[in-house]
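Visitor: I am new to this structure. Please take me through one part of its surface in close detail.

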Amino acid sequence: MKVTGACHCGTITVEGEADPERVSICHCTDCQTRTGSAFGMAVPIPGDTFRMIGQPATYLKTTADSGRPRLQAFCPKCGSSIYSTTPGEGRQAAYMVRVGILAQRDQLTPKRQNWFRSARSWVTHMDDIPKNQKQA
């Protein structure tokens, strides 16, 4: 499916082709720290379909368990996380684009959860938490 999106301030826009069956949640502690939340959520977009307008800031992060470096990209103005990918020159094979920046996020339901051993214990027990339709 074609996806389009933008960072919070609109400085960076993205588009590409994504397979909704490959949407994943990541519970690793790097994603928890990066998002400031309980998990990250991303969908891979093949490099040959990925298009971006704007220049993200990047940093290289080596994840603890895999030991493989990942290039993290975010908007230098608003800080929105845009994607992660393998480091290297030129177009990469795939970009793990953050679902939250995509206009089609309602259609991108997670199909798997990775690094579940690091999941916060309450993540699977939220049905009993009071819910408000807007901020209370």
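Guide: Start with Trp122, Met126 and Ile129, which form a nonpolar patch on the surface. Together they have about 300 Å² of accessible area. Such areas come from the Shrake-Rupley method with a 1.4 Å probe, and for residues only the protein chains shown count as cover. Patch members have over 30% relative accessible area and no salt bridge, and nonpolar side chains (Val, Leu, Ile, Met, Phe, Trp, Tyr) are joined within 5 Å. A salt bridge is a side-chain nitrogen of Lys or Arg within 4 Å of a carboxyl oxygen of Asp or Glu.

This is a predicted model: local features need pLDDT of at least 70, side-chain atom pairs count only at pLDDT 80 or more, and totals for chains, interfaces and linings use all residues. Residues are numbered from 1 along each chain as its sequence is written, and side-chain values use heavy atoms, without hydrogens and water.

Look at Met126. Its relative accessible area is 41%, so Met126 is partly exposed (buried is under 20%, exposed over 50%, partly exposed in between). Met126 lies in the segment after strand E10 (112-114). Strands (E, at least two residues) and helices (H or I, at least four) are DSSP runs, numbered from the N terminus.

Now the wider chain. One helix and 10 strands make up its elements. Their order from the N terminus is β-β-β-α-β-β-β-β-β-β-β. Of the 136 residues, 33% count as buried. Along the principal axes, the C-alpha atoms fill a box of roughly 45 × 35 × 30 Å.

Technical notes. Patch = residues over 30% accessible without salt bridge, like charges linked within 9 Å, V, L, I, M, F, W, Y side chains within 5 Å. Buried < 20%, exposed > 50% of the residue type's maximum accessible area, 1.4 Å probe, protein only.
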